[in-house]
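This briefing is meant for a reader who is meeting the structure for the first time. Please look over the sequence and the model before going on to the points that follow.

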Amino acid sequence: MKGGGRHKVYLGLGSNLGDRNAYLEQSIALINERVGDVVRRSSFIETEPWGFQSRNAFLNAVILCETTLTPREVLKATQKIERELGKTKAHATRRKDSSLFTLHSTFYKDRPIDIDILLYDDLTVDEPDLKIPHPLMQQRDFVMIPLKEIQQ
């Protein structure tokens, strides 16, 4: 797939460490600068951790971004933003040998920021490290509630 045109990408954001509100706001600002225009954003909602136990509640949101980047370029840009805002390999949600997100509690961790590609136009991507639509989004109220808030 080539970039160049304008594409609609929905991104899920979550934070449960540190100043969660600031991490979400910083990630939205960086996405707006590096990925494309953030044209819609949901309310921030507080949710319990999903897939693991933690005393730290999450703050979640979904944004709609118009981008000229390809899905792979969006993934690289959002991963770089996550790293810059403090996400490390220790915060990762997948094992290297897992081709799909693992639901085992030892693989989900507290994290300062998590950015997931939920939807990219009507595109379907099924690669080991990039799956669009996001394979678990239908099971997650913390994704579906803010997504429905901003979808048309």
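Predicted model: local features only at pLDDT ≥ 70, side-chain atom pairs only at ≥ 80, totals over all residues.

Is D121 buried, partly exposed or exposed? With a relative accessible area of 34%, D121 is partly exposed, because that value falls between the 20% under which a residue counts as buried and the 50% over which it counts as exposed.

**Strand β5 and its partner**
- Strand β5, which runs over residues 114-120, is mostly covered, since seven of its seven residues are buried.
- Strand β1, made of residues 7-15, pairs with β5 in the antiparallel sense, and six bridges join the two.
- Within β5, L119 is the residue that stands opposite Y10.

**The nonpolar cores**
- The largest nonpolar core has 25 residues, and those that touch the most other members are L11, I31, V74 and I117.
- At least two residues of this core come from each of β1, α1 (20-34), β4 (58-67), α2 (71-84), β5 and β7.
- Apart from this core lies another one, of eleven residues, which include L64, L118, V143 and L147.
- As general background, nonpolar side chains in soluble globular proteins tend to be buried together.
- When residues up to four places away in sequence are left out of the count, I117 touches V9, Y10, L11, P71, V74, L75, L130, K131, I132 and H134.

**K131, a buried lysine**
- K131, which is among the residues touched by I117, has its place in strand β7, formed by residues 130-132.
- K131 has a relative accessible area of 17% and is therefore buried, as the limit for that term is under 20%.
- The side chain of K131 makes a polar contact with the side chain of D126 at 2.6 Å, and the K131 side chain also reaches the backbone oxygen of E127, at 3.0 Å.

**Backbone features in two loops**
- The partly exposed D121 is found in the loop between β5 and β6, the latter being residues 125-127.
- Although D121 is not a glycine, its phi is positive, at about 45°.
- The peptide bond that leads from I132 to P133 is cis, with an omega near -5°.
- P133 itself is found in the loop between β7 and α3, where α3 covers residues 141-150.

Methods: Residues numbered from 1 in each chain as written. Heavy atoms only, no water. Buried < 20%, exposed > 50% of the residue type's maximum accessible area, 1.4 Å probe, protein only. Helix = DSSP H or I, 4+ residues; strand = E, 2+ residues; numbered from the N terminus. Pairing = 2+ DSSP bridges. Polar contact = N/O pair within 3.5 Å; in protein donor to acceptor, adjacent residues only side chain to side chain. Core = buried A, V, L, I, M, F, W, Y, C linked by side-chain atoms within 4.5 Å. Contact = heavy atoms within 4.5 Å.
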